[in-house]
Amino acid sequence: MTRFFIAALLSVSATFATASEDIPDQYPQSELYAKPVEVIPHVFSAIGATAPPTYENSGHNNNLSFIVTYEGVVVINGGASYRLAAALHEEIRAVTDQPVVLVINENGQGHAMLGNSYWAEQGIEILAHVDAIAAFEEEADFILQGMQRYNRDKAEGTTIALPTRSFTDREVVSLGGVDIEVLHLGPSHDPGDTQVWIPQWGIIIAGDIAFHERMLPIFQGTCTKCWIETWDEKLEPLAPTYVIPGHGHPTNFDQVRRYTRNYLVDLRDKIGAHIDEGGDLAGAYYVDQERWKHLDTFEELATKNAGRVYEEMEWE
């Protein structure tokens, strides 16, 4: 297994520049930004662009993964549109004759849930955390309209389709001799963030609790202190060997720790020192984040992240 994973990583690394937000569509014959690759035996992922959603990447700027068993296929993420979900399904059919039996949404964002309309049309169950469902339902019309603006004709067929099943902390899906643990470890990036953990294979499809090639976004209302606590108390003990993050290539746990937990700790330390020195919100935007400048979406997110952490820590 380890040798296989190293080989897969080397294959991906051969085109490592594809992590850049400046790289154009890698799979022009499909609406997918990139063709799915087999990360470890039976676990595949179509790695999205580490860039904002655009017409050129069809909104495929997250990772769309699937697990193949002899009793069916489990898909992780509905995709950003009906057509993108259909394109992923076409790739699944090229890999296996097994039917898709479950779709898991990793959070309530558009690129996780807008493709649900396709999967629902196929009569497939869709599972998500209760908080992710609530967040999506509240903003669904706004999210759909945003996708329609950038995706234009590629938005055809996409409608709002809520998950058909929900969970709170943990649900185990046993399929074809594989125990797939669907987890909500605690507060992190977004309401209802979901992780898919396969202990027997040592792999976690981590979703947006873990980042490494692009800068993580901190949203209004994100509790970075809680995110670090969730990481230390719940994610760290799992100690996965292989990680498919929400964005960017498959990697190892040390790498996502470095660019997620360590980034959050570093930014909070910088903002804490700024507050202790009597600094205000305007000055917080300019705390030193040079160490992270090489990450994709740095220009879009670094100052926003600093401002939001200041607003959080000002009242801690």
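Some ground rules. The model is predicted, so local features need pLDDT of at least 70 and side-chain atom pairs count only at pLDDT 80 or more, while totals for chains, interfaces and linings use all residues. Residues are numbered from 1 along each chain as its sequence is written, and side-chain values use heavy atoms, with hydrogens and water left out.

I will start with helix H7, residues 253-276. Helices here are DSSP runs of H or I with at least four residues, strands are runs of E with at least two, and both are numbered from the N terminus.

H7 does bend, by about 30° at Asn 262. The bend is the angle between axes fitted to the seven residues ending there and the seven starting there.

Now the two ends. At the start of H7, a side-chain oxygen of Asn 252 comes to within 3.1 Å of the backbone nitrogen of Asp 254. Just after H7, Gly 278 has a positive phi of about 85°.

Which residues of H7 are buried? Buried means under 20% relative accessible area, exposed means over 50%, and partly exposed is in between, using a 1.4 Å probe and protein chains only. The buried set includes Phe 253, Val 256, Tyr 259, Leu 264, Leu 267 and Ile 271, and also Asp 266, Arg 268 and His 274. What covers the buried residues includes helix H6 (224-235), strand S12 (242-245), helix H8 (281-284) and helix H9 (298-313).

I will take two of those helices in turn. Two packed helices are described by the angle between their axes and the distance between the axes. Axes are lines fitted to C-alpha atoms, for helices over the stretch in contact, and angles run from 0 to 180 degrees between N-to-C directions.

With H6, the angle is about 145° and the axes are 10 Å apart. The crossing of H6 and H7 is left-handed. That term applies if the near helix is turned anticlockwise from the far one by less than a right angle, and right-handed applies if clockwise. Contact means heavy atoms within 4.5 Å. On the H6 side the contacting residues include Trp 227, Ile 228 and Trp 231, and on the H7 side they include Val 256, Leu 264 and Arg 268.

With H9, the angle is about 65°, again with axes 10 Å apart. This crossing is right-handed. Among the H7 residues that meet H9 are Tyr 263, Leu 267, Arg 268 and Ile 271, and among their H9 partners are Ala 306, Val 309 and Tyr 310.

What else does the side chain of Arg 268 do? It makes a polar contact, at 2.8 Å, with the side chain of Glu 316. A polar contact is a pair of N or O atoms within 3.5 Å; within protein, one must be able to donate a hydrogen and the other to accept it, and residues adjacent in sequence count only if both atoms are side-chain atoms. Glu 316 lies in the segment after H9. Not counting residues up to four places away in sequence, Glu 316 touches Lys 225 as well as Arg 268. Glu 316 and Lys 225 are 91 residues apart along the chain, yet their C-alpha atoms are separated by 9.6 Å.

Next, the loops beside these helices. Thr 297, in the loop between H8 and H9, has a positive phi of about 65° although it is not a glycine. Is Thr 297 buried or exposed? It is buried, with a relative accessible area of 3%. Ala 239, in the loop between H6 and S12, also has a positive phi, near 45°. At 48% relative accessibility, Ala 239 counts as partly exposed. Tyr 286 is in the loop between H8 and H9 and counts as exposed, at 69%.

Last, a residue from another part of the chain. Asn 151 lies in helix H5 (residues 130-151) and counts as buried, at 0% relative accessibility. Leaving out residues up to four places away in sequence, Asn 151 touches Thr 54, Tyr 55, Ser 58, Gly 59 and Ser 81.

Definitions and conventions. Expected span 1.5 Å × (residues − 1).
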